[in-house]
Amino acid sequence: MNERMIDYLPVSSFDVYLFHQGNNYQAYNFLGAKPIKHKGVKGVSFTVWAPNAEKINVVGNFNKWDGTNYSMKKVHDSGIWNIFIGGLDEWQIYKYEIHTKNGEILLKSDPYAFYSEFRPNTASVVVSIDDYNWNDDEWMEERKNKNILEEPVNIYEVHLGSWIRKESGDFSNYREIADRLVEYVLKMGYTHIELLPVAEHPLDASWGYQATGYYSVTSRYGTPKDFMYLVDKCHQNGIGVILDWVPGHFCKDAHGLWKFDGTPLYEYDNPLMADNFQWGTANFDYSKNEVVSYLISNAIFWFDKYHIDGLRVDAVSHMLYLDFGRKDGEWMPNKYGGRENLHAIEFLKKLNKTIFEHFPNVLMIAEESTAWPLVTAPTYLNGLGFNFKWNMGWMNDTLNYMEKDPIHRKWHHNLITFSFMYAFSENYILSLSHDEVVHCKKSLVDKMPGDYWRKFANLRALYAYMFAHPGKKLLFMGGEFAQFSEWNYEKELDWLLLDFDMHKKMQNYVRELNHLYKHEKALYQLDSDYKGFEWIDHSNHEQSIITFMRKGKWEDDFVIFVCNFTPVPRYNYKIGVPKLGRYKEIFNSDLEIYGGSGLKNNKMIKATEYKWHNQPYSIEINIPPLGALFVKPNTNNPKDEIEDGSQVSQI
């Protein structure tokens with residue numbers, strides 16, 4: 001006999017109307033499982049969209065998974081079902097038992113669940129997320145007034161399951177990770193962390209990119225409030241938090257979104273459109289307004305409930321092009337005969353416009369690998385509306401160049417100069433991400449040619465070039481101390497390498513480079529403006545040397561960058577400079593404290609009135625082997641010299 005109170009609650013007709021229009025941007029407020037008090041009885045209201053279901057029961061351990069007396073009621077012709085079950089509270093596990101018109105019975109997790117069971121279990125969990133006591137008011141207020149394009153953005157990309165683990169090999173909790181990660185990121189000088197997807201996912205090996213619970217922070221590392229603690233602690237320490245987000249496709253696990261009510265609901269009706277052949281997943285159907293409401297609400301949800309500072313939108317190219325990653329016969333053209341996904345384009349524009357209306361100055365980052373125009377242009381100029389794009393071309397060309405033996409680099413000089421031709425066409429982030437250190441691609445340091453010393457020297461040169469190049473920065477965890485093995489999601493980073501001299505020196509080098517970047521406005525203030533960059537010499541392919549200036553907003557604020565991509569030191573190397581006076585070396589990748597050979601320019605460098613490199617003046621410097629220098633006008637006592645120690649602290 002059923003002793004629980006069962007009732008059916010009205011659903012706001014306005015919410016339903018907006019939902020079906022594709023304009024309900026907070027659908028999570030009325031869909032899903034909500035602990036409430038109804039007619040004086042505490043319980044849970046369950047609401048789900050499943051328009052083609054014949055019947056839906058709510059099942060869980062509270063009714064021994066027998067939904068006979070727990071049938072939901074359809075709300076008119078809306079396709080939305082509801083039930084209130086008294087006597088239930090937080091942490092109750094449940095699923096929807098969906099009876100299809102074909103006579104099948106499906107057990108589905110809640111698409112709007114805020115929490116899920118720890119894998120391999122797949123039930124949804126009732127939880128309230130509205131009573132966390134946030135302590136990041138100062139950060140949130142400051143964020144409203146920052147022009148992120150003119151701020152330093154230096155991102156540390158992290159997979160929470162393998163950054164650190166417990167001694168037993170088990171996952172660490174969000175809170176445990178927070179206490180250590182924040183301290184580390186502060187010390188290293190990063191401005192943001194980017195987390196691989198934290199939405200619930202069944203398979204560890206997917207790294208979170210094939211999700212089942214888009215509103216459910218993964219239970220691998222704790223509860224929703226544990227994750228809030230991580231974000232809160234980051235904000236209290238001046239660190240922004242970016243999440244990887246995957247609105248392009250979802251996995252086909254039986255408890256997930258795939259054929260949710262027995263029919264293609266979240267995916268396309270046409271199997272050719274629905275199947276993502278490359279990854280064995282299903283593509284979201286952006287022509288359905290309810291799917292648009294689901295996804296935009298999900299993006300808003302992370303900003304609203306978890307206070308995050310940005311989303312890196314995964315696989316945008318797969319969304320934009322109907323034929324991306326597909327063979328002939330695996331796709332069909334749009335109504336005009338083209339290969340563009342017209343509905344996805346409109347979805348992305350609507351997504352970005354909505355996000356920035358609600359949360360100004362956050363980061364919306366496109367992982368887009370083609371030459372699609374105006375990715376970071378505003379929607380009113382017919383752009384996609386992102387404010388940043390990963391510079392995949394720079395990454396591919398640069399790694400291609402750096403993997404070559406230095407003796408051959410002069411024949412491929414264009415690989416490190418071509419990116420400047422388009423560096424200001426979008427607002428770029430230079431990314432050396434997790435994708436570059438998996439699947440037998442080798443770690444960054446192991447990609448570098450040469451013996452042990454040269455591998456590290458090449459990597460230091462790569463990082464210096466990256467930080468001098470226009471664009472914000474991103475480095476995947478482990479790269480900062482030159483982990484030799486490829487990233488393995490099943491174990492923590494090889495922190496033991498810090499017991500070895502060269503790895504510790506590399507970590508110190510990256511820390512100093514990070515702090516240099518934050519200190520010198522010329523390295524970030526005009527990242528997306530031609531005014532922030534000027535070539536001094538791009539044509540010295542014979543010696544594989546490039547020289548250029550980065551400029552800040554003020555006329556006298558500039559830094560000169562010189563990089564030698566060969567192991568041959570260059571003495572008394574002449575470069576053109578724009579102003580007369582004394583110059584100083586403010587950063588040198590070849591110092592002994594970083595594992596280098598120690599070739600440096602100690603004394604002040606005096607400019608002469610000898611024209612060079614189309615500049616009115618020139619200086620002569622020593623350029624170290626496989627080394628990079630940052631040089632700027634001296635504004636201190638001319639007798640000052642940079643000692644063989646921390647450079648940034650003396651700037």
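## Nonpolar cores

A nonpolar core is a set of buried Ala, Val, Leu, Ile, Met, Phe, Trp, Tyr and Cys residues joined through side-chain atoms within 4.5 Å. Buried means under 20% relative accessible area, exposed means over 50%, and partly exposed lies in between (1.4 Å probe, protein chains only). In the largest nonpolar core there are 195 residues, and those touching the most other members are F46, Y156, W163, Y266, Y463 and F630. Helix α7 (residues 289–306) gives the most to this core, namely eleven residues. A second, separate core has 17 residues, among them Y573, A607, I621 and L629. In soluble globular proteins, nonpolar side chains tend to be buried together.

Helices (H or I, at least four residues) and strands (E, at least two) are DSSP runs, numbered from the N terminus. L181 sits in helix α4. L181 counts as buried because its relative accessibility is 1%. Leaving aside residues up to four places away in sequence, L181 touches Y156, V158, W163 and I193, where contact means heavy atoms within 4.5 Å. Between L181 and W554 there are 373 residues in sequence and 36 Å in space, C-alpha to C-alpha.

## Model and confidence

This is a predicted model, in which local features need pLDDT of at least 70 and side-chain atom pairs count only at pLDDT 80 or more, while totals for chains, interfaces and linings use all residues. Residues are numbered from 1 along each chain as its sequence is written, and side-chain values use heavy atoms, with hydrogens and water left out.

The pLDDT is the predictor's confidence in each residue, from 0 to 100. Its average over the chain is 95, and 97% of the residues score at least 70. Residues 638–646 have a pLDDT below 50, and this stretch has 21 contacts in the model beyond near neighbours in sequence.

## Pockets

Pockets and cavities are found on a 1 Å grid over the protein atoms alone. A cavity is a set of points where a 1.4 Å probe fits but cannot get out, and a pocket is an open set with protein on both sides within 12 Å along at least five of seven lines. Lining residues have an atom within 4 Å of a point. Grid points are joined across faces, edges and corners, and a volume is the space filled by probe spheres set on the points.

The largest pocket holds about 620 Å³ of space. Its lining has 30 residues, and W279, D314, E367, H434 and D435 lie nearest its centre. Helices α8 (316–320) and α10 (392–402) each supply at least two residues of this lining, and the largest share, five residues, comes from α10. The lining of the largest pocket divides into eleven nonpolar, eleven polar and eight charged residues. Here Ala, Val, Leu, Ile, Met, Phe, Trp, Tyr, Cys and Pro count as nonpolar, Asp, Glu, Lys and Arg as charged, and the others, Gly among them, as polar.

The second largest pocket has a volume of about 330 Å³. It is lined by 22 residues, with W139, K146, T191, H192 and G238 closest to its centre. Two or more lining residues come from each of α2 (137–144) and α4 (174–188), and α2 gives the largest share, three residues. Nine nonpolar, seven polar and six charged residues make up the lining of the second largest pocket.

## Cavities

The count comes to five cavities of 30 Å³ or more. In the largest cavity there is about 200 Å³ of space. Its lining has 20 residues, and the closest to its centre are N283, H318, Y321, R326 and N341. By type, the lining of the largest cavity has eleven nonpolar residues, eight polar and one charged.

The second largest cavity contains about 120 Å³ of space. Of its 18 lining residues, V437, S443, M477, G478 and G479 lie nearest the centre. The elements α12 (444–447) and β22 (472–476) give two or more residues to this lining.

## Backbone features in loops

The peptide bond from R119 to P120 is cis, with omega near 15°. P120 lies in the loop between β8 (105–108) and β9 (124–125).

W91 is not a glycine, yet its phi is positive, near 75°. The loop that holds W91 runs between β6 (80–86) and β7 (93–99). W91 counts as partly exposed because its relative accessibility is 46%. H439, also not a glycine, has a positive phi of about 55° and is found in the loop between β21 (428–432) and α12. At 61% relative accessibility, H439 counts as exposed.
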